[in-house]
Amino acid sequence: SGLSFSNIKESHFIELDASKNVQITNCSFSKMQGENYNREAINIDTPDDKTGGFSKTWAKNDKTPNADITISGCDFSDLYVAIGTHQYSQNGNTNIYHTNINIKNCKISNTEKYGISALNWKDAKITNTTFTSCKNIGIYGAGAIDPLISDNTFNSIDTAIRITHSTRSYSTTYSKISDDLLNIAKTKNIF
């Protein structure tokens, strides 16, 4: 709580793998350096040899997802991606989901790719967050299952929200969103 991170170089400020009940509050994250654009200020990943997600020799690499993560009151600026996942894992053809990722009351500005990348997130909540000048997409969801996207503000963004599918190291992962949650995403945000 209350930490400032600046000048990221070829990595993530915070790496969450196989983590549960984590709270990141009132922190600031700013400025990226280097050539590696496949990184987030806060990376939400699974330890998986196939994807290279946290593939440390001492790690179990058992594809354990993250659960019950809250990121609130944080400021993100001048980064590639503020918060997100860039690989996903499967057991056979069964998707492994990060669950209950709650992002609220944050400010995200001047990102090169996405504000948030919700890749294989289930029951995520992204609320009361302001997105400004995210060059590609504000919220990108692929393999996203029933995200609540509500009460956010999007300024100077070509695509505010994109929910789609993705194919990376494993079989294609598809998003699923209920009609009620889709209606909330369309009507309960400021574009």
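Visitor: Are tyrosine 114 and tyrosine 140 buried or exposed?

Guide: Burial is read from relative accessible area: buried means under 20%, exposed over 50%, and partly exposed in between, with a 1.4 Å probe and protein chains only. Tyrosine 114 and tyrosine 140 are both buried. This is a predicted model, in which local features need pLDDT of at least 70 and side-chain atom pairs count only at pLDDT 80 or more, while totals for chains, interfaces and linings use all residues. Residues are numbered from 1 along each chain as its sequence is written, and side-chain values use heavy atoms, with hydrogens and water left out.

Visitor: How many aromatic pairs does the structure hold, and how is one described?

Guide: A pair of aromatic rings is described by the distance of the centres and the angle of the planes. Rings of Phe, Tyr and Trp (its six-membered ring) pair if their centres lie within 6.5 Å; planes under 30 degrees apart count as stacked, over 60 as edge-to-face and the rest as tilted. The structure holds seven such pairs. One of them joins tyrosine 114 and tyrosine 140, stacked at 4.5 Å centre to centre with 5° between the planes. This pair links distant parts of the chain, 26 residues apart: tyrosine 114 is in strand S11 (residues 107-119) and tyrosine 140 in strand S15 (residues 137-142). Strands (E, at least two residues) and helices (H or I, at least four) are DSSP runs, numbered from the N terminus.

Visitor: What is the geometry of the pair formed by phenylalanine 154 and phenylalanine 191?

Guide: Phenylalanine 154 and phenylalanine 191 are stacked, with 5.4 Å centre to centre and 5° between the planes. Phenylalanine 154 lies in strand S17 (residues 153-155), and phenylalanine 191 lies 37 residues away in the segment after helix H1 (179-187). Phenylalanine 154 counts as buried because its relative accessible area is 5%, whereas phenylalanine 191 counts as exposed because its value is 54%.

Visitor: Which residues do ring pairs link into a cluster?

Guide: The cluster consists of Phe5, Phe13, Phe29 and Phe76.

Visitor: Where is asparagine 120 placed, and why is it called buried?

Guide: Asparagine 120 is in the loop between S11 and strand S12 (121-122). Asparagine 120 is called buried because its relative accessible area is 0%. Its side chain makes a polar contact with the side chain of threonine 173, at 2.7 Å. A polar contact is a pair of N or O atoms within 3.5 Å; within protein, one must be able to donate a hydrogen and the other to accept it, and residues adjacent in sequence count only if both atoms are side-chain atoms.
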